[in-house]
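Subject: Structure handover

Dear colleague,

My notes on what was found in it follow.

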Amino acid sequence: MEEQLDTGGAPKASPIKCTETPTFELDILFRQNYSWQGRLRWTKGGKEAAFRSVLELLIQMETVLAQ
């Protein structure tokens with residue numbers, strides 16, 4: 001992912017869908033200070049959340065999966 005972002009190419013979309021877990025959509029809008037900023041959407045709950053770092057992204061995903 002980092003190589004594609006460094007070369008200016010957009011990452012190829014390859015959704016992974018499971019029947020028992022939520023499906024996430026990830027939009028990386030910016031990269032600053034070697035971290036990602038963007039939006040996380042999950043279709044099962046119909047919700048969206050912004051994240052300011054990879055750590056925030058992982059925490060949000062873990063919270064959704066724990067519910």
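The model is a predicted one. Its three strands make up an open sheet, ordered β1-β2-β3, with antiparallel pairing. The edges are taken by β1 and β3 (47–51), each of which has a single partner strand, so one side of each has no neighbour in the sheet. From one strand to the next, the twist averages 15 degrees. Between β1 and β2, which run antiparallel, there are eight bridges. Helix α2 (residues 54–66) lies across β1, β2 and β3 and runs at about 20 degrees to β2.

The aromatic pair

There is one aromatic pair in the structure. Its members are F24 and W42, arranged edge-to-face, with 6.3 Å centre to centre and 65 degrees between the planes. F24 belongs to strand β1 (residues 24–32) and W42 to strand β2, so the pair ties together parts that are 18 residues apart in sequence. The two residues fall into separate accessibility classes: F24 is partly exposed at 23% relative accessibility, while W42 is buried, with a relative accessible area of 12%. The cut-off for buried is under 20%, so F24, at 23%, counts as partly exposed.

Q37

Q37 is located in strand β2 (residues 35–42). Opposite Q37 in β2 stands F30. With a relative accessible area of 14%, Q37 is buried. Its contacts, leaving aside neighbours within four places in sequence, are D27, I28, L29, F30, R31, Q32, F51 and R52.

The loop between β1 and β2

Most residues other than glycine have a negative phi. Two residues in this model are worth a look on that point. N33, which is not a glycine, has a positive phi of about 55 degrees, and N33 sits in the loop between β1 and β2. Y34 is also placed in the loop between β1 and β2, and its phi, near 60 degrees, is a positive value in a residue other than glycine. As for accessibility, N33 counts as exposed at 74%, and Y34 counts as exposed at 89%.

Regards

Key
Residues are numbered from 1 along each chain as its sequence is written. This is a predicted model: local features need pLDDT of at least 70, side-chain atom pairs count only at pLDDT 80 or more; totals for chains, interfaces and linings use all residues. Side-chain values use heavy atoms; hydrogens and water are left out. Helices (H or I, at least four residues) and strands (E, at least two) are DSSP runs, numbered from the N terminus. Buried means under 20% relative accessible area, exposed over 50%, partly exposed in between (1.4 Å probe, protein chains only). Contact means heavy atoms within 4.5 Å. Rings of Phe, Tyr and Trp (its six-membered ring) pair if their centres lie within 6.5 Å; planes under 30 degrees apart count as stacked, over 60 as edge-to-face and the rest as tilted. Two strands pair if DSSP finds at least two bridges between them. Axes are lines fitted to C-alpha atoms, for helices over the stretch in contact, and angles run from 0 to 180 degrees between N-to-C directions.
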